[in-house]
Amino acid sequence: MSFFVAENLHKRFGSQVVLEDISLAFEAGGVSGIMGPNGAGKSTCFNVLTGLYRPERGRVLFDGEDITGLAPSEISRKGISRSFQVMTLFDEFSALDNIMVALPAVRSGLGRAFWEMRADSALADQAEAVLAQVGLGGRERVLASALPYGERRALEIGVTLASEPRIVFLDEPTQGMGSDGRTLLVDLVQKLRTTYTLVIIEHNMQFLFQLADRISVIHWGQVIAEGTPSELNENEWVRSSELGKV
Amino acid sequence: MLTAKGKASLVPRQMLVFFVILFSFPFWSQSVGLYDYIGIEIAIWIIYGLGYNLLLGYTGLPSFGHGAFLGIGAYGYGLAHLNLGSGVWTGLIIAIAAASAAAALAACLLSHRRGIYFALLTIAIGQIFWFVSIKWHSLTGGEDGLLNILRPELNLGVTSISLKSNVALYYLVAILLAVVVLLLWRFLHSPFGSVIQTIRMNETRARFLGYRVWLIKWTVFTLSGAFAGLAGGLFCMTQESAYPDIMSLHASGLIVMMVLVGGGFVSFWGPVIGVVVFFMARDLLGSITETWLLWYGLLFMAVMVFEPEGVAGMWDRLTRRFFGQFPPAPDTKRSTQEELST
């Protein structure tokens with residue numbers, strides 16, 4: 001069985017069916033992609049997989065364990081981490097503090113009244129290493145709100161990685177990025193793939209074709225195509241769709 | 001090394017200044033036209049305000065019914081005194097326990113709410129407690145409240161001190177306030193203190209980092225209720241009575257205004273400043289006009305329009321402008337901001 005599996009997921013909002021019988025499988029150690037036009041149900045799918053929404057039907061299995069309907073906090077504790085399309089940084093905290101509060105050591109040390117995370121040099125080293133990993137070395141003391149857009153995107157990914165995840169979901173990481181930013185992001189993902197299992201949502205086909213081992217194409221709430229980038233290149237629908245022109 | 005600056009001392013400079021003012025107050029109060037009783041009132045409301053700011057300023061949860069827990073503390077103390085003849089310590093412990101229990105119960109309903117739903121629900125809960133306090137005559141004395149709760153002797157083991165004098169009572173309240181300040185300072189500089197701020201800044205992200213946000217909210221609300229209960233018990237001891245008015249929506253709104261005017265969102269000391277400003281306004285404006293609350297309301301509006309971060313925010317900005325080279329305060333939020341500006 002695959003590392004992360006979604007079986008026959010259904011999700012509706014009122015009378016609108018957003019996900020209709022979606023099944024996905026992501027392998028450990030790889031980069032998986034989910035692609036589709038705007039409004040196809042990609043983000044809803046991500047939100048169901050990571051616990052923000054509960055599906056009406058279907059199951060989500062992580063490393064063989066059924067995690068369907070668990071709260072986001074519980075899903076996160078199992079080693080599933082995600083970034084957001086709309087950035088979710090702690091703006092009044094420095095870049096370093098954003099990472100620190102995401103470290104599992106801080107989460108498990110909540111009851112320690114006399115422990116100061118900012119004064120713990122081992123913890124700071126750990127957080128600095130995460131920042132360096134996403135290219136934010138030297139920006140530790142800058143407030144998240146004061147970082148330029150590209151660096152905020154990088155910090156968003158840094159916070160996602162700080163929780164020492166076993167699988168990382170990235171929601172539209174190229175959102176709002178220029179071509180330079182996208183190039184940096186490609187390098188970053190290439191670097192991260194050696195350490196993490198990654199699942200990336202994108203509507204930018206080029207980006208995903210460069211990086212992903214396997215891609216699922218979602219449209220009208222269904223998986224309409226699935227395969228390696230080269231297999232999808234041969235796919236009639238993908239070739240004729242708007243996706244390739246993005 | 002980045003972390004060298006990170007350590008917040010147990011008793012920072014601002015706290016020392018605060019303690020000096022707090023404990024010397026009776027020596028100079030009369031020379032500036034003040035009196036011991038207002039010192040007691042201010043100290044009690046600071047306890048209430050600091051506890052309230054855990055919710056509003058740090059966790060970003062606006063409670064508009066917090067007077068309920070101040071009132072429950074007052075009734076708890078009063079009933080313990082009248083029915084059990086309990087002294088200072090037992091009375092206060094019962095006040096804290098009663099308010100914490102009520103807050104814990106309310107928090108069960110509130111911990112999964114946020115924003116406007118949280119705010120409206122706190123109003124509803126506050127009104128329920130207020131209504132009960134008026135209608136449950138046999139327990140609360142109805143609209144008259146509980147009367148003749150005489151100030152007790154403070155039993156210190158080897159000796160006892162009468163709290164009939166305002167100076168003696170002031171020092172009891174001041175010592176308890178100092179303990180509250182030390183406790184809250186430590187609490188807010190522990191990891192828990194940082195994590196409750198992440199809930200204010202982005203609750204969804206906090207959940208996805210594995211924090212059980214509802215449990216944290218529940219804990220903070222209950223704690224905040226406990227401080228309100230302590231303040232309520234002391235309030236009852238001071239006023240020698242407990243009455244429904246302090247639980248009203250109007251009274252609950254006052255603590256929100258005080259904390260906002262003082263700058264609870266940007267500083268630990270915001271509630272302290274806000275409470276002092278309120279009581280000074282009451283006495284100074286009140287000596288000039290009966291409609292002082294109208295003028296205080298206008299002052300509140302002016303602060304919200306021109307200085308939304310309150311007096312503490314203004315102070316922060318001015319000191320940075322004039323003394324920009326000063327070393328950053330250990331307070332986390334501002335230390336990073338100051339670093340940016342230098």
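The model is predicted: local features need pLDDT of at least 70, side-chain atom pairs count only at pLDDT 80 or more, and totals for chains, interfaces and linings use all residues. Residues are numbered from 1 along each chain as its sequence is written, with chains lettered from A and ligands numbered from 1 in written order.

The packing angle of H10 (residues 249-262) and H11 (residues 270-288) of chain B is about 115 degrees, and their axes are 7 Å apart. Axes are lines fitted to C-alpha atoms, for helices over the stretch in contact, and angles run from 0 to 180 degrees between N-to-C directions. Helices (H or I, at least four residues) and strands (E, at least two) are DSSP runs, numbered from the N terminus.

Residues meeting at this site include Met258(B) and Val259(B) of H10(B), and Ile273(B) and Phe278(B) of H11(B). Contact requires C-beta atoms, placed from the backbone, within 7 Å.

In chain A, the domain assignment, automatic or from a database, gives domain 1 (1-79 + 165-246) and domain 2 (89-164). Their C-alpha centres lie 26 Å apart. Ten residues of domain 1 are in contact with ten of domain 2. On the domain 1 side, S7 (167-171) and H7 (179-192) of chain A each give two or more residues; the largest share, three residues, comes from H7(A).

The class composition of this side is tabulated below.

| Class | Residues on the side of domain 1 of chain A that touches domain 2 of chain A |
|---|---|
| Nonpolar (Ala, Val, Leu, Ile, Met, Phe, Trp, Tyr, Cys, Pro) | seven residues |
| Polar (the others, Gly among them) | three residues |
| Charged (Asp, Glu, Lys, Arg) | no residues |

Terms used: Contact = placed C-beta atoms within 7 Å.
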